[in-house]
Structure formats: structure tokens, C-alpha cells
Amino acid sequence: MDHFLYRDGVLHAEDVALPEIAAEVGTPFYCYSTATLTRHFRLFDEALEGVDHLVCYAMKAASNQAILRTLAALGAGMDVVSGGEYLRARAAGVPGERIVFSGVGKTRDEMRLALEGGVRQVNVESEPELRALSEVAASLGVVAPITVRVNPDVDARTHAKIATGKSENKFGIPISRAREVYAEAAALPGIEVVGIDVHIGSQLTDLEPFRQAYRKVADLTGALRADGHDIRRLDLGGGLGIPYTRSNEAPPLPVEYGAMIREELGHLGCEIEIEPGRLIAGNAGILVSRVIYLKQGEGRDFLILDAAMNDLIRPAMYDAHHDMVPVIEPAPGTEQAPHDVVGPVCESGDTFARGRMLPPLAEGDLVAFRSAGAYGAVMSSEYNTRPLIPEVLVHGRDFAVIRARPTFDEMINRDTIPEWL
Ligand SMILES: *Cc1c(COP(=O)(O)O)cnc(C)c1O
């Protein structure tokens with residue numbers, strides 16, 4: 001459920017009509033709903049009620065500080081995957097003890113940042129990283145709380161580019177070698193083992209792969225405890241999928257996910273962390289764009305928008321489907337015709353949809369791509385010297401620009417010309 005609904009024939013974000021925002025900030029723009037972000041965070045928080053837990057929002061999904069503040073105020077921790085994200089979370093007011101640091105290639109500089117600033121735990125993904133962290137922590141005279149991310153070798157049954165839990169993926173250490181790695185960790189200076197971490201992929205639409213992975217984590221917890229490690233925290237990653245189309249079979253709900261976690265892991269007495277990103281932000285954001293031209297091709301009609309692949313790359317990168325709706329609601333029974341929906345970028349990959357059935361649209365009309373809140377704005381670029389588009393946050397009747405569109409001067413003046421030119 002989200003808060004982007006038609007009212008009197010006009011698409012609203014909560015209580016704000018989208019044409020009003022478009023008139024003020026121009027198109028294209030991203031628009032997020034506070035009520036939807038809040039609702040989705042609470043679904044996870046409530047799903048784990050009664051279990052000692054922390055929901056660490058995976059901020060790579062949508063990392064604007066206004067979004068982080070909204071979630072942090074509800075009690076969210078953060079899952080960060082770079083030094084930049086760590087600093088961004090801190091700038092948004094998230095205390096270090098609510099930040100978990102994930103990622104397959106943390107540099108020593110990034111480790112130093114997190115250890116100096118304070119961190120709940122570092123999720124270590126390899127032995128070389130473990131040794132580097134030990135050196136950095138010892139040189140700072142601090143102790144780094146760690147989990148080891150294990151790769152459980154389960155098939156997440158999702159898009160290949162976002163599956164992370166098979167042995168051929170670069171993530172984590174093979175679960176078969178975990179006891180060795182934990183033994184090494186326990187012996188290293190500056191390292192304190194606090195738990196186990198696992199994250200098997202993104203946009204999972206079935207609980208079964210999670211269950212398989214968590215069973216392996218439960219077994220490993222027993223084995224590591226028998227080896228003398230104080231395993232008291234389980235970080236179960238993110239990855240629960242969202243419905244991108246209305247016709248899609250519905251992915252499992254957070255409450256079902258929470259029940260499965262209790263079933264598989266509840267008896268262990270561990271603190272549970274989860275790291276949802278997409279499910280919190282995905283349906284809490286839309287991308288609003290304007291029709292530039294309608295063009296008739298050979299047997300196809302093209303709808304050319306002012307948004308492009310540099311603004312929302314998911315269709316080009318993951319073959320992702322985003323529902324697209326006109327901001328002015330078509331009359332019931334309006335006939336639809338197939339269109340190729342494209343942007344202005346000079347690549348054929350700059351195609352949002354092929355043969356999409358759409359009601360009649362005209363130059364200047366506004367349209368909205370749904371489910372664009374996660375992995376949308378954060379993956380945008382200035383390809384074709386197109387400005388990063390603004391982000392807007394709605395809160396009831398209020399809205400605010402939370403990232404402004406840069407001017408062309410700002411973009412162009414970022415280049416510096418060497419002396420010899
Ligand atoms: C990307 C990522 C997540 C979030 O995944 P979603 O599918 O957005 O929930 C969580 N944890 C780690 C380590 C990640 O890399």
C-alpha cells in the first residue's frame with residue numbers, strides 16, 4: 001500500500017496534487033511520501049515485536065538525509081556500505097551505535113572513519129578484510145565489534161545482478177569455512193566477535209531461500225557457540241521484494257517474514273538485525289515526468305519523456321518493470337494503445353517500456369512511474385550532461401525539495417581545465 005492515489009481525477013502524493021509540485025520544481029523529479037516510508041518501516045518493526053531487534057535501513061536504496069531522518073526518528077538504525085554512506089548517516093543524526101557497516105571491499109580509510117566515529121558492528125566479508133580491520137583497530141587502540149558475513153550457497157531466485165548468496169557470488173565467506181575464520185577472528189587483536197551476518201540478495205519474492213539460509217545460520221550459531229564464541233547477534237540482511245506490478249503475485253509480507261524468523265531463529269536468544277532497503281523505500285517514491293513528444297515510427301508509437309535512463313536506470317540495468325500512470329486520471333473505459341516509452345538519451349537502452357498499453361497522452365502531460373523510490377535517485381547520473389533531478393518529500397499537506405536540481409553552471413564548472421590547455 002502507498003499514498004499515491006487519485007483524488008478528484010488528479011494523482012496526489014498524500015494531500016498534495018502532483019501538478020502543484022511540478023509547477024514549482026519543474027520536471028522530472030522524484031517524489032517520496034513520508035506516510036509510506038513510515039508505514040513500511042513500522043511493518044518490519046512490528047513484525048519483530050517481542051524479539052530484541054533493530055531494523056537497520058539499507059540506505060543505499062534511497063539515501064537522502066531527509067529520508068534517513070524520517071526513518072531514524074522512528075527508531076531505525078542504518079546499514080551502510082561505504083565511508084560516504086557512513087558520513088551521510090552521521091550527518092543525518094544517526095548515532096554510531098545504530099550503524100552497521102557492510103560491504104565487500106571496505107578500505108582501511110573507511111574502517112578508520114567508522115571506528116573513530118563509532119559503529120555498532122562491522123560485517124566482515126573476507127579474511128584479508130578481517131586482518132586489515134584488526135590492524136586498523138589496534139592502531140587506533142579500539143576494539144571493532146564484528147560479525148562475519150557468511151555465504152550460505154542458496155539460490156535467491158532473483159535477477160542475476162542482485163543475487164548474492166550463491167557460492168559463485170563475490171559476497172561473504174563460504175559457510176563451510178566459517179569456523180576457521182571465526183577462530184582466527186577470536187585470536188586477532190582489536191577484534192570482538194559479536195555475531196553472524198548473512199544477506200542473500202534483493203527483490204526476493206519467496207520466503208523459502210531466506211528460510212534455507214537462516215537454517216544454516218542457526219546451525220552455525222550452535223557450532224560457533226560450541227567452539228566458545230559468544231554469538232549474541234544475528235544480522236539477517238535485507239532483500240524482501242516488493243510488487244512492481246499490480247498483476248504480479250504478491251511477495252511475502254513483512255509479518256510473514258518476521259514469523260519465519262521467529263520460527264527458525266527465535267530459540268537461539270540472539271538479538272536480531274534486519275536490513276531492508278527496497279521494501280521501505282521502493283513504493284514510497286515515484287518519478288514524475290512530462291511528455292515531450294509523441295512520435296510515430298514504423299508500426300510503433302513512441303512516447304518521448306523528459307526523464308531518461310540516467311534518472312531511473314532500473315529498466316535498462318535489470319530489465320525492470322515500472323508501472324506508469326498519467327497524473328490526470330483517464331475517464332473510465334478510455335481506450336488504450338501500445339507505446340514504447342523512451343527518454344531523450346542517445347542510447348536505445350534508454351527505454352522504460354516497450355508496447356506498454358497507455359491511454360491517449362499529449363505533449364506536456366505529466367506521467368508518474370510507480371515504485372521508483374528504491375535504487376532510483378541513488379543510481380542516477382549526469383550522463384548526457386543532464387542535471388540530477390530534484391527529490392521532493394511530501395508530509396501530509398506539506399512538501400519540500402530535499403535535493404535541488406543543480407544549475408548548468410554548477411555542473412559545468414565542476415570540470416577543471418589543466419594549465420596546458
Ligand atoms: C543491498 C543490501 C541490502 C538491502 O537489500 P534490499 O533488497 O534493498 O532490501 C541489505 N544488506 C546488504 C548487505 C545489502 O548489500
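Predicted model: local features only at pLDDT ≥ 70, side-chain atom pairs only at ≥ 80, totals over all residues.
Strands of a sheet pair through backbone hydrogen bonds, in either a parallel or an antiparallel sense. In this model, an open sheet of three strands is arranged in the order β1-β2-β3, and the pairing is antiparallel. Strand β1 comprises residues 4-7 and strand β2 residues 10-13, and the two are joined by four bridges. Within this pairing, Y6 is placed opposite L11 of β2. The two strands form a hairpin with two residues between them, and D8, which lies in the turn, has a positive phi of about 50°.

The second pairing of the sheet links β2 to strand β3, residues 16-17, through two bridges, again in the antiparallel sense. Here A13 stands opposite V16 of β3, while H12 has A17 of β3 as its bridge partner. This hairpin also has two residues between its strands, and a positive phi near 50° is found at E14.

The helices are described next. Two packed helices are characterised by the angle between their axes and by the distance between those axes. Helix α2 (residues 34-47) takes part in two of the contacts described here, with α3 and with α9. The axes of α2 and helix α3 (residues 65-72) come within 10 Å and cross at roughly 45°. Angles under 35 degrees count as roughly parallel, and the relation of α2 to α3 is therefore oblique. The crossing of these two helices is right-handed. On the side of α2, the contact is made by T34, L37, T38 and F41, and on the side of α3 by I67, T70 and L71. Four of the residues in this contact are nonpolar and three are polar, with no charged residues.

The packing of α2 against α9 has an angle of about 25°, and the axes of the two helices are 8 Å apart. Helices α2 and α9 are therefore roughly parallel to each other, and they cross in a right-handed manner. Residues L43, F44, E46 and A47 of α2 meet P254, V255, Y257, G258 and R262 of α9. The residues of this contact comprise six nonpolar, one polar and two charged.

A search of the whole structure identifies six aromatic pairs. In one of them, the ring centres of F44 and Y257 are 6.4 Å apart and the ring planes stand at 90°, so the pair is classed as edge-to-face. Because F44 belongs to α2 and Y257 to α9 (residues 254-265), the pair ties together parts that are 213 residues apart in sequence.

A further helix contact involves helix α4 (residues 83-91) and helix α5 (residues 108-117), the axes of which come within 9 Å and cross at roughly 25°. This angle makes α4 roughly parallel to α5. The crossing of α4 with α5 is left-handed. In this contact, G83, Y86, L87 and R90 of α4 meet E110, L113, A114 and G117 of α5. By class, the contact contains four nonpolar, two polar and two charged residues.

Notes
Residues numbered from 1 in each chain as written. Heavy atoms only, no water. Pairing = 2+ DSSP bridges. Axes fitted to C-alpha atoms, helices over the stretch in contact; angles between N-to-C directions. Parallel < 35°, antiparallel > 145°, perpendicular 65-115°, else oblique. Left-handed = near helix turned anticlockwise from the far one by under 90°. Contact = heavy atoms within 4.5 Å. Nonpolar A, V, L, I, M, F, W, Y, C, P; charged D, E, K, R; others polar. Phe/Tyr/Trp six-rings, centres within 6.5 Å; stacked < 30°, edge-to-face > 60°.
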